[in-house]
Amino acid sequence: MRILIAHNVARLALAWRDAITTRLPQSTVVTWPEALDDLADYAIGWRPPEALFQRERRLKAFFVAGAGVDQVLTMRSLDPRLPIIRLEDAGMGRQIAQYCVHQVLDWYTKRNAYESQQQNRIWKPLPVGTPAEWPIGIFGLGRLGQHVAQAFLSLGFPVHGYTRSARSVEGVRVYVDAEGTEKALAAFLGASRVLILMAPLTIDTRDRFNATRLRHLQAGSYVINVARGELLVENDLIELLDSGHLCGASLDVFREEPLPVDHPLWRHPRVRVTPHTAAVTLIPEGADQIVAKMRDFESGRPVSGVVDRRRGY
Ligand code: OXD
């Protein structure tokens, strides 16, 4: 097979090339913009250039080296028939679950308050909460969302999940909303005191969390965004943090990345900012998964993780 790697970080492109070459020694693997004699059969990439899809007209499939596919689907030169296949979990679920649990436990165990008490040498036990007071609401119950749900369930938190496709997840109160109605979303938000955004960016989820919808959350709620910045209207989030309706937010993704240096989120006292690192693609796990999918594809077996272009994920 002829395989082309296009990663926006040169060092990672080389790491992917080596990982794929090790697993498929009979194949020719090169990195963009190097061209193969006879064009590539498959490409693997993260934030690939438009020019790739203009030049590589013989691709059988494009593998996204991550979970989110929004960056690829918006490319004008993308052939609408080309199968786009994304990574499914590949070690990301565990990382995102750890990130979310860490953010919630820090808040729930009053770490900030104790840190400031320590600086002032104050010995003062604060009231203890219970998990029942902090129902977790997971917006997007795909593989990664289910990982997060299990992590919170194991710690005794009630978990609510919002999903577009009917599914049942043991222990989770599921709000299925095939039509995308405001009623189901409002009920889900009203039941949650921690909102975790885990859904892909699509035309339906863009700007979904504006002030009106965030107000449906219980008073004093916490917001975590590990999905895409565009799901959340950042100014509305700030407004609700300032009004006290929200008690805090942990944001790993932003409408503009890197977050501009003068952005108010950097300095907001109740916002924690991390640079899109809640889950990074683990190349060995990712390469194992892509190679297995490529083999299935080559031999005509069903391949999971193929993006439904209509739904956008
Ligand atoms: C992803 C990401 O989609 O890292 O994999 O954001």
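**Model and conventions.** I worked from a predicted model, in which local features need pLDDT of at least 70 and side-chain atom pairs count only at pLDDT 80 or more, while totals for chains, interfaces and linings use all residues. Residues are numbered from 1 along each chain as its sequence is written, and side-chain values use heavy atoms, with hydrogens and water left out.

**Ligand shell.** I listed the residues around the ligand and found Trp46, Gly66, Ala67, Gly68, Met92, Arg228, His276 and Ala279; a residue is listed if one of its heavy atoms lies within 4 Å of the ligand. I sorted this shell into four nonpolar residues, three polar and one charged. In this sorting, Ala, Val, Leu, Ile, Met, Phe, Trp, Tyr, Cys and Pro count as nonpolar, Asp, Glu, Lys and Arg as charged, and the others, Gly among them, as polar.

**Polar atoms at the ligand.** I noted a backbone N or O atom of Gly68 at 2.6 Å from a ligand oxygen. In the side chain of Arg228, an N or O atom is 2.8 Å from an oxygen atom of the ligand. For His276, I read 2.6 Å between a polar side-chain atom and a ligand oxygen. The protein covers 87% of the 210 Å² of accessible area that the ligand has on its own (Shrake-Rupley method, 1.4 Å probe).

**Domains.** I took the division of the chain as domain 1 (2–90 + 281–299) and domain 2 (92–273), with bounds from an automatic or database domain assignment. Their C-alpha centres lie 32 Å apart. Eleven residues of domain 1 and nine residues of domain 2 make the contact (heavy atoms within 4.5 Å).

**Domain interface.** I recorded a buried area of about 860 Å² between domain 1 and domain 2, with 48% given by carbon and sulfur atoms; this is the accessible area (1.4 Å probe) that two parts lose on being put together, summed over both. Of the area that domain 1 buries against domain 2, Asp70, Asp89 and Leu282 supply 57%, more than any other three residues.

**Salt bridges.** I counted two salt bridges between the domains (a side-chain nitrogen of Lys or Arg within 4 Å of a carboxyl oxygen of Asp or Glu). Asp70 forms a salt bridge with Arg228, the closest N and O atoms being 3.0 Å apart. Arg228 also belongs to the ligand shell.

Key
Polar contact = N/O pair within 3.5 Å; in protein donor to acceptor, adjacent residues only side chain to side chain.
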